[in-house]
Amino acid sequence: QVSLVESGGGLVQAGDSLRLSCVTSERTGSMGWFRQAPGKEREFVAAIRLRDGTTHYPGSTKGRFTISRDVYKRTLYLQMNSLKPEDTAVYYCAASNSLILHETSSMYNYWGQGTQVTVSS
């Protein structure tokens with residue numbers, strides 16, 4: 001069983017930056033970040049293939065968010081810049097045994113407990 005522990009969430013103002021971290025107990029094929037706002041479905045934010053660092057973003061975060069990993073520290077990061085109130089959500093770290101960078105949450109095998117990000121206007 002792979003454990004994931006997120007940190008770095010908080011309350012910021014619009015336009016600010018924030019970096020989330022996720023420490024994993026074991027290395028997997030790929031990892032991703034998702035977010036879920038109240039009353040909404042879980043949304044794909046970014047994904048990365050651990051062996052070569054290949055990344056994938058949806059249109060809503062591309063150019064503002066950057067996913068990265070430190071394989072030696074077994075840590076995943078999400079750098080979020082130019083934050084907007086609509087970025088407010090619980091952010092989840094996820095790990096997949098697959099090497100494919102999936103956008104679908106059901107393709108991820110392991111999940112963290114989530115960290116709250118709140119962006120005020």
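Visitor: How do you know that C22 and C93 form a disulfide?
Guide: The model is predicted, and in it the sulfur atoms of C22 and C93 are 2.1 Å apart. A disulfide is counted when two cysteine sulfur atoms lie within 2.5 Å, so the pair qualifies. The count by this rule is 1 disulfide.

Visitor: What parts of the protein chain does the pair tie together?
Guide: C22 belongs to strand 3, residues 18–24, and C93 to strand 9, residues 89–96. The link therefore joins parts that are 71 residues apart in sequence.

Visitor: Why is the disulfide called left-handed?
Guide: Because the torsion about the S-S bond of C22 and C93 is about -75 degrees.

Visitor: Are C22 and C93 buried or exposed?
Guide: Buried means under 20% relative accessible area. C22 has 0%, and C93 also has 0%, so both count as buried. Over the protein chain, 45% of the 121 residues count as buried.

Visitor: Which elements make up the protein chain?
Guide: It has 11 strands and 0 helices. Read from the N terminus, the order is β-β-β-β-β-β-β-β-β-β-β.

Visitor: What share of the contacts join residues at least 24 apart?
Guide: The share is 57%, taken among contacts between residues at least 6 apart in sequence.

Visitor: What is noted about the phi of R74?
Guide: R74 is not a glycine, yet its phi is positive, at about 50 degrees. R74 sits in the loop between strand 7 (65–70) and strand 8 (75–80).

Visitor: Why is R74 called partly exposed?
Guide: Its relative accessible area is 39%.

Visitor: Where does S82 lie, and what makes it partly exposed?
Guide: S82 is in the loop between strand 8 and strand 9. Its relative accessible area is 42%, which is again between the two cut-offs, so S82 is partly exposed. S82 has a positive phi of about 50 degrees and is not a glycine.

Terms used. Residues numbered from 1 in each chain as written. Predicted model: local features only at pLDDT ≥ 70, side-chain atom pairs only at ≥ 80, totals over all residues. Heavy atoms only, no water. Helix = DSSP H or I, 4+ residues; strand = E, 2+ residues; numbered from the N terminus. Buried < 20%, exposed > 50% of the residue type's maximum accessible area, 1.4 Å probe, protein only. Contact = heavy atoms within 4.5 Å.
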